[in-house]
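I opened the notebook to go through one model.

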Amino acid sequence: MSVFLSCVAGVVVFYLILYYNVFRGGRCTSSAKLTGKTAIVTGSNTGIGKATALDLAKRGARVILACRNQEKAEAAVYDIRRESGSNEVVFMQLDLGSLKSVRSFAETFLKTEPRLDLLINNAGVMGPGRTEDGFGMAFGVNHLGHFLLTNLLLGRLQQCGPSRVVNVAALLHRFGSVDFALLASQKDLVSGGSAWHSVRAYCNSKLCNVLFSRELANRLEGNNVTCFSLHPGVIHTELCRNMSLWQRLLLIPVAKLFFLDPEGGAQTTLHCALQEGIEPLSGRYFFSCALREVGAKGRDDGLARKLWESIASSLETAATSHLNSLWLGWLGSLMIL
Ligand SMILES: NC(=O)c1ccc[n+]([C@@H]2O[C@H](COP(=O)([O-])OP(=O)(O)OC[C@H]3O[C@@H](n4cnc5c(N)ncnc54)[C@H](OP(=O)(O)O)[C@@H]3O)[C@@H](O)[C@H]2O)c1
């Protein structure tokens, strides 16, 4: 009996040590109030995005849930309004897998909303398929859609500065790479459609998030818009919904035991969005509410610049000319291009 009890106690202690040292993340300690400020959170009908939107609403921000599915988003608006006690929570349609939808969202937003203080590029997908414009799904949604969205909204962010762009990346960016030849020929960073390719495509798209943050910060240097990327931790959300049944069955017990809940998973995003004094760290990467070093490729400024330029030319002609007119118009005065 005593051996059995010792084993149980050992397992519990091992679990607690592992949980508190590896899985449990830091907490955002900012007490910032956001009354009069406006935030966009992409992919905020569920998971980390919904938890982030709820926290921002509780702080008094006007929060735009930028989501693709109206029914799910309206249910989230209802939940967040009820929990936060704020009516300043609204849904706006955004499908990051459609460049047309991204442009239409930006147009509506710029026409109807006078402010933008926080842009939280949170939406993410891990799975097969192609976007409406023929790009690989993970690359198209996680990076390209956010790239276009951010550029279309930069002028408003600048007008409302100091403002921030927060890109939710992932630790898995460390395993990512960027194959420019493949991107040019196949509109994707991987070739093939197996589950393994989906994971690789996800890693690559997350490296793009990190590189995008770095290059954006470089282009915005000395400006009142700052930009951060982050790993939110390992969180029990719907991100793995495209996994096969047996993969999910294996994952669920581990997730229940070790993974953070979405509220815990939103903490580093909130830290990057709200923490005072981190502005000089623009372009850098955070985890567990603290500055972290990115993988070697994520620190490569040449790669970041090349990716930016390659993406700008990947966008269809109409998008590129629209982007350039806004981008050049805004940046011309800064002479940083
Ligand atoms: N969970 C983790 O352990 C983990 C770890 C590292 C990084 N992350 C990152 O954290 C972010 C949030 O993920 P999560 O874990 O909260 O996953 P989630 O629960 O699956 O939420 C993802 C959100 O993105 C939205 N989305 C997907 N495709 C979209 C599109 N084409 N247009 C607009 N929105 C779209 C989803 O909308 P629908 O509900 O309509 O599909 C959903 O609202 C992602 O960027 C993910 O890569 C998560």
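I call a residue buried if 20 or more other C-beta atoms lie within 10 Å of its own, exposed if 12 or fewer, and partly exposed in between, with C-beta atoms placed from the backbone. Helices (H or I, at least four residues) and strands (E, at least two) are DSSP runs, numbered from the N terminus. The model is predicted: local features need pLDDT of at least 70, side-chain atom pairs count only at pLDDT 80 or more, and totals for chains, interfaces and linings use all residues. Residues are numbered from 1 along each chain as its sequence is written.

**Burial.** I looked up helix H10 (residues 267–274). Eight of its eight residues are buried, so H10 is largely enclosed by the rest of the structure. Among the buried are Gln-267, His-271 and Leu-274. The cover includes H2, strand S4 (118–121) and helix H9 (262–265); contact means C-beta atoms, placed from the backbone, within 7 Å.

**Ligand shell.** I counted a residue as near if its C-beta atom, placed from the backbone, lies within 6 Å. The ligand is surrounded by 29 residues, the closest being Gly-43, Gly-47, Gly-124, Ala-170 and Thr-237. Helix H2 (residues 47–58) gives the largest share, three residues.

**Packing.** I checked H7 (residues 195–219) against H11 (residues 301–314). Their angle is about 95 degrees, with axes 9 Å apart. The axes are lines fitted to C-alpha atoms over the stretch in contact, and angles run from 0 to 180 degrees between N-to-C directions. H7 and H11 are therefore roughly perpendicular, the word for 65 to 115 degrees. In H7, Cys-208 and Arg-214 are among the contact residues; H11 brings several, including Asp-301 and Trp-308.

Methods: Angles under 35 degrees count as roughly parallel, over 145 as roughly antiparallel, 65 to 115 as roughly perpendicular and the rest as oblique. Two residues are in contact if their C-beta atoms, placed from the backbone, lie within 7 Å.
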